[in-house]
Amino acid sequence: MVLKRPSATKTKDWKNVPYARGKNATPGRGLRREQAKWKRTVPELLAASDVEIVNILREDKLLVDWTGATCPICGRGTLGELVARPHKGNRLLHRCDAKCCQRYVSPVYLNPIFSEHSRAESLQKQAVLLRAKLAGTPHANAHVMFGVNHKAVERIWSNVEQARRMYVEDVEPTIEYSGSKVWADVEADEATFDKLDMTDGPEPLGDPTHPVMWEQWLGIVQRGRPRTLTLTRLCPEMAEKRAPGPGAVRKVEWKPLAERWLEDRDVVFHTDSARSYKLRVPGVIHDFVVHQKKYKKVGGKRVLIPPRYVELQTHVLPSGKHLKVKSGTQIIDRAWRFIKDRLHRSATAKAGTKLLATKIRSAQYDYWHKDDGMWAETGEMVQHIMRDVLVA
């Protein structure tokens, strides 16, 4: 009697080839939240005095030290030390020494996250709200938990998302996909976030037979390196009302992106079976998997062939060596799921709006640092944004 091999048993080649190759590749499961340790806690921030909270935020790079810097108002004088001003309600302020200026500058002046005005919360509460935002707390829950006005909560949430968008758009062009000595595995796929019917409203726009505009983005990421995720907003054609989706990326949009990110990079490129990705690019080996169910006639009967999400492939490199890889789009698919889970939509975040793009960029930043201490990484982001503002 011959026993069949169990379906769950994998071959030796399958076990020896990891999905994310490379010594520095991030483990597939990442870092669990209960294992993460951040630099500051909520009790520590609330218990700090006015001087202590400024020193804490300066140490964590969330505030810049204006002492000795050129006055950002007049551009001539030099700012003095941070001192409590009794005639200003004991507020901690710097002062410009220029005779024509003599203006006072707050430690949060020009900060992309914190603010100071007549109705602003204390710096301690703003730091706690920032901590809650970085932990993924919805702003409605933060309002109930800390008893802070919902406008102040929304202001911190909006400031963080705007700062992340500025940082991502500045850093993303510097990303490179390269395997150095070995060929790298890179995945790409599209995702749709929203659609808008242009005929809805008092003044219908566009072609009434194709009135639907889609919010579609293309993502590219190297396996084992979350910080290489790049997102590009696509411009799909207008569709009919009952269209199930915008379809795959068009070749006219994919060609310049392939030349920009992948050409001569020595990468194994993994996608689904969309025809646009079959474009030949120098220095790129293309792998694809078929996600669609198919039927095939076997012995006169119609047999279902299930989709294959991951397959073992062997490629011959230009050097003549053989390379075994696992083809699939598991990493980029998880990235889209990660982004959509953190995309807290509002009534004004519709397809084609800058607000929706800002929220997507903010979730992209979240994905870049999903295994890092978000408090420390936010400090690095603030320093990057403020680098051209602070002049000694």
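Trainee: Which residue takes a positive phi in the hairpin of β11 and β12?

Mentor: In this predicted model, the residue is G320, whose phi is positive and near 100°, and the hairpin has five residues between the strands β11 and β12.

Trainee: And how many bridges join those strands, β11 and β12?

Mentor: Six bridges join strand β11, residues 311–316, to strand β12, residues 322–327, and the two run antiparallel. One of the residue pairings is that of V316, whose bridge partner in β12 is H322.

Trainee: What about the hairpin of β5 and β6, which residue has the positive phi there?

Mentor: There G224 takes a positive phi near 80°, in a hairpin that has two residues between the strands β5 and β6. The strands themselves, β5 and β6 (residues 225–233), pair in the antiparallel sense over five bridges, and G219 stands opposite L231 in β6.

Trainee: Where do β5 and β6 sit in their sheet, what's the strand order?

Mentor: They belong to an open sheet of five strands with the order β6-β5-β4-β7-β8, in which the pairing is mixed. The edges are taken by β6 and β8, each of which has a single partner strand, so one side of each is left without a neighbour in the sheet. From one strand to the next, the twist averages 25°.

Trainee: Mixed how? Which strands run parallel, and which run antiparallel?

Mentor: β7 and β8 run parallel and are joined by five bridges, with T271 having F288 as its bridge partner in β8. By contrast, β4 and β5 run antiparallel, with 11 bridges joining them, and on that side the bridge partner of T192 in β5 is Q216.

Trainee: Is β5 buried or exposed, and why?

Mentor: Strand β5, residues 212–222, is largely enclosed by the rest of the structure, because 10 of its 11 residues are buried.

Trainee: OK, switching to aromatics. How many aromatic pairs does the structure hold?

Mentor: It holds eight aromatic pairs. One of them is formed by Y177 and W261, an edge-to-face pair with 5.9 Å from centre to centre and 75° between the planes. That pair links distant parts of the chain, since Y177 lies in the loop between α6 (150–171) and β4 (184–197) while W261 lies in helix α7 (residues 251–261), 84 residues apart.

Trainee: Are Y177 and W261 buried or exposed?

Mentor: Y177 is buried, and W261 is buried as well.

Trainee: And the rings of W254 and F269, why is that pair stacked?

Mentor: The ring centres of W254 and F269 are 5.3 Å apart and their planes stand at 5°, which is under the 30 degrees that counts as stacked, so the pair is given that label. The pair links distant parts of the chain too, with W254 in helix α7 and F269 in strand β7 (residues 267–271), 15 residues apart.

Trainee: How buried are those two, in relative accessible area?

Mentor: W254 is buried with a relative accessible area of 1%, and F269 is buried with a relative accessible area of 2%. Together with Y277, W254 and F269 form one aromatic cluster.

Trainee: Which charged ends sit over rings?

Mentor: The charged end of R260 sits over the ring of W261, 4.0 Å from the ring centre, and the charged end of K278 sits over the ring of F288, 5.2 Å from the ring centre. W261 therefore comes up again here, having been named as the partner of Y177 in the edge-to-face pair, and F288 was named as the bridge partner of T271.

Trainee: What is H291 in contact with, neighbours within four places aside?

Mentor: Leaving those neighbours out, H291 is in contact with D272, P307, R308, Y309, T329 and D333. As for L79, H291 and L79 are 212 residues apart in sequence and 62 Å apart in space, C-alpha to C-alpha.

Trainee: Last one, what order do the strands take in the open sheet of three?

Mentor: The order is β1-β2-β3, and the pairing is antiparallel. The edge strands are β1 (83–85) and β3 (104–105), each of which pairs on one side only. Two bridges join β2, residues 91–95, to β3, and R95 stands opposite Y104 in β3.

Technical notes: Residues are numbered from 1 along each chain as its sequence is written. This is a predicted model: local features need pLDDT of at least 70, side-chain atom pairs count only at pLDDT 80 or more; totals for chains, interfaces and linings use all residues. Side-chain values use heavy atoms; hydrogens and water are left out. Rings of Phe, Tyr and Trp (its six-membered ring) pair if their centres lie within 6.5 Å; planes under 30 degrees apart count as stacked, over 60 as edge-to-face and the rest as tilted. Helices (H or I, at least four residues) and strands (E, at least two) are DSSP runs, numbered from the N terminus. Buried means under 20% relative accessible area, exposed over 50%, partly exposed in between (1.4 Å probe, protein chains only). A charge sits over a ring if NZ of Lys or CZ of Arg is within 6 Å of the ring centre and within 35 degrees of the ring normal. Two strands pair if DSSP finds at least two bridges between them. Contact means heavy atoms within 4.5 Å. Axes are lines fitted to C-alpha atoms, for helices over the stretch in contact, and angles run from 0 to 180 degrees between N-to-C directions.
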